[in-house]
Structure formats: C-alpha cells, structure tokens
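Me: I have a model open and would like to learn how to read its main features. Where do I start?

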Amino acid sequence: MKKITKIIALALTSMAMVTALAACGETEEPGPENPNPPIVDPTPVERPTEQETRAKKMVEIVFKNYAVEGGSGDTAYINFKENYGSNQSGYLWSNFSAAGMQYYMCKLYPDSQEEKDTFRKMINNFLYFRQKNGDQGDAVKYHSGRGNAFNGGSGDCFFDDNIWVARNYLRAYEIFGDEFYLEEAIRVNNWVRLGWNNELGGLVWSENGLSDSASEQHLERGLSANACGIMVNAMLSDYAEGQEKQDYMDWAEKFYNFCKKMQNKPDTYDYWNGIHTVIENGVRKDGAINRVHYSYNSGSMILADLLMYDRTADAAKKADYMDDAIGTSAAAKKTFNMLDPGKAQLYYSGDPWFACILNEAYYELRNYTEDRAEPYLKSFDNNAKYAFKNRDPETGLFPYQATQTFTLTNESKERWVIHQVGVAEQAVISALWSIEG
C-alpha cells in the first residue's frame, strides 16, 4: 500500500471551499453557482434546543428497545436486535444504519467521550460480520449475518452493505483517527470493486449475483451500492497521493457515470432504483430499468454530487455536479414529502432510513446554498416532530409514517430497528441544524 496522507477532516464536512448558488426562489432553473459572501457566525443559540432535547430522547428510545452490549475492553460491542420483542440479531444493514445515527450524535456532542465510546462499540460490532479468516490481504468482505466471534460472519455478502460499511469506517476514522479504520475502509472498497462489471458497468446486488444462476433481484445493478461507491472512492482520494489519488477519483467517476443512467432526466431529477441484468447464452446484457423511486437513492446522489464538486477543478464539471445536486434536491422534496390526506400535514413517505439519507444530503447542501436547503431541513424537522408526538405511549416507538399514530402488532413495520433508527437519525440531524443555524 502506498503511503497514506492523513487529512484533518473529511472534505464532506469541510467548509474551506464553500460556494453557493445566488439565493433565489425554488422556481429558478438549476445552473452554475455564484459565490456568496462569507457567512457570519450567528448569535449562539441557547442549548439545549427543542430539537436537541427531542433527539436525545428518541435516540435513548432506540437504544432501550434494541441495543445489546457485550464483550469488554477493546472487544466491547453494541449489537442491535432486528425486531422489537425479539432476540434475533440485527443484520449488517441494520447495524451500520444504527452506526450512522450514532455518528451524528458524535457530531452533536463532539466533546462527549460517552458518545464516542458508544460509536466505537457499534463499529467494533461490524467485525462479527467480517469474513472467516478475515486477514485476506488487500481485500475483505462482510457477510449479512452476524457470527459469535470476530471474523465469524455468515450468509450472503451484499455489495451495497459492504460499501456502506466502508463509508462508516471512514466516519470512524474521522472521529478517532485510528489507522485501522482507514485501512479497513480501503480493504472493503477493494473487495467491492472486484464485483464491477467492465462490459456493462455497475455492481450487482450481491456476491451471488456474480453467478449465472442468480435470481433477478441479485442480478440487479442497484443505485444504492453504486452511488455509495462514488462517495467512498471520492472520500478515499483525500487520503492518497499522486497516481493513487487519481485512481480513486477515476473509480468515483466510473460509478458516477453508471448511476447517471438511472436518472429520470429531463422529466425530473429523480433517480430510478437500478438496472436489471439479463443473461443470454452466458452473456450479460442490460435489461430494463427498475423504475421505482426511493428517497435514499436521490439522497445518495446529492451527497455524491457535492463530493465530486469539491474534488474537481473543471469548471464545466463543477457546474454539472451542482446543477444535479440542486435539481435532485428539489425533485426529491416534491416526490417524497407528501400531504397526509385530511390532516394538512406533510410527511416523508417510504422507509424512514431511506428518508434519513436524503436528510443527510440536505444537511450537507446547506454548506453550499443555505437558502435552498433551509426549507428542506425544516421539512425533516417537522417529520421528526410528528414522529415523536405520535410515538407509542408504551414502548416509545415511532410510527413508520410520521403523521400517523399506531398500535403495535406482530405485523407492524415499526418493529424493525432500521425504521426506528431512521426516524431517530432525522431528529439528530435536525438538532445539529438547530444549533448551527
């Protein structure tokens, strides 16, 4: 491995190169940005804010109902159960989603050792999903199922799970500066890139999708894995030099160009979910596009646009990245922020964790065009507020649809930890926004 250069903070949160489009109404066509004057620090807000108090309670509810602690010392972990009232371990997806929530708690309380210790234990838990005989040189993969010891994972290995794990390792590196996290993010990214289809472009859903006998779902090249591939490779370029740095950006652009095939443009800036892969006589070909919209696809691509914007000096490309970030942000708000019939209340439709990735994107967008991002962030603040107000009085669990109350049953979507984590993370991001202005 070539020498890695440590950067003080990931460029995703950097304010050094912040520029913005001229403040104007949402009806203006997206276009190249115009620099705004430097933002003057606002008057410090009185803490805790209403959003902060709410977020702390919501995160506490999630931990109370789902978190299981174990191990000790350097091997201490926090694992999340998959469902309320069950002892079944959460899948890798559920646990890295919960870690994403805790990452923002560390941002909300940067001086809190307790929040950092909790985050580290959640990251430690990933190792229970790691492949057996985990020391495999420059590439390593993570299974969907949890084992009873480090390097004890089992079950299918999903490319989208793995690249999102790499993103969380980069977040852990940001918080702790521990070289293992950076090195592990690189190893996981190396494994993910082994699944890239050189002829068609893109990653299939899982390792099983590399087999010609795989199911249609496993063969789909979904936007989730490929969009996060943009993010991870762009972020890794910050820690490399010379040709290695360029290689990461080349990969980020490969992922980006593939994902653009799934954008519903010029009709809207929304993204479809994926492209099916058809196998004829052993030859893989492009199938139909899976024309379903999910909010985390739009959110992932906004985050990717902003990362690519920061890392290119080409003025035309910068304009295109910003155009897409602005256009996709407006389109996603229109597509996913729905009016609850009869209540005159807007809520975010679909899975709450999917929506919270869009919330992350709006939170980052504020660094570039604050006026445009403000109503988007306000909409998520309202979503978290409704969800907290309509929580179950006995368990404290939040409704799947924020404006609705619910009765907990065996069939309730609210039982799934990933939905609860998604709502709570929205609340934490709103708390950050309430403090930072």
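Predicted model: local features only at pLDDT ≥ 70, side-chain atom pairs only at ≥ 80, totals over all residues.

Me: What does the secondary structure of the protein chain come to?

Reply: The protein chain has 13 helices and seven strands. Of its 437 residues, 58% are buried.

Me: What share of the contacts with a separation of 6 or more joins residues 24 or more positions apart?

Reply: In this protein chain that share is 65%.

Me: How do I read a strand pair, and how many bridges join β4 to β5?

Reply: In general, side chains in a regular strand alternate between the two faces of the sheet. Here β4 (residues 274-280) and β5 (residues 283-290) run antiparallel and are joined by six bridges.

Me: How do I read the largest pocket, and which residues are the closest to its centre?

Reply: Begin with the volume: the largest pocket holds about 650 Å³ of space. It is lined by 30 residues, with W93, D160, W205, Q217 and Y296 the closest to its centre. By class, the lining has 18 nonpolar, eight polar and four charged residues.

Me: Which helix gives the most to that lining?

Reply: Helix α2 does, with four residues. At least two lining residues each come from α2 (92-108), α4 (159-176), α7 (223-236) and α11 (352-365).

Conventions. Residues numbered from 1 in each chain as written. Heavy atoms only, no water. Pairing = 2+ DSSP bridges. 1 Å grid on protein atoms, 1.4 Å probe; cavity = no way out; pocket = protein on both sides within 12 Å on 5 of 7 lines; lining within 4 Å. Points joined across faces, edges and corners; volume = space filled by probe spheres on them. Nonpolar A, V, L, I, M, F, W, Y, C, P; charged D, E, K, R; others polar. Buried < 20%, exposed > 50% of the residue type's maximum accessible area, 1.4 Å probe, protein only. Contact = heavy atoms within 4.5 Å.
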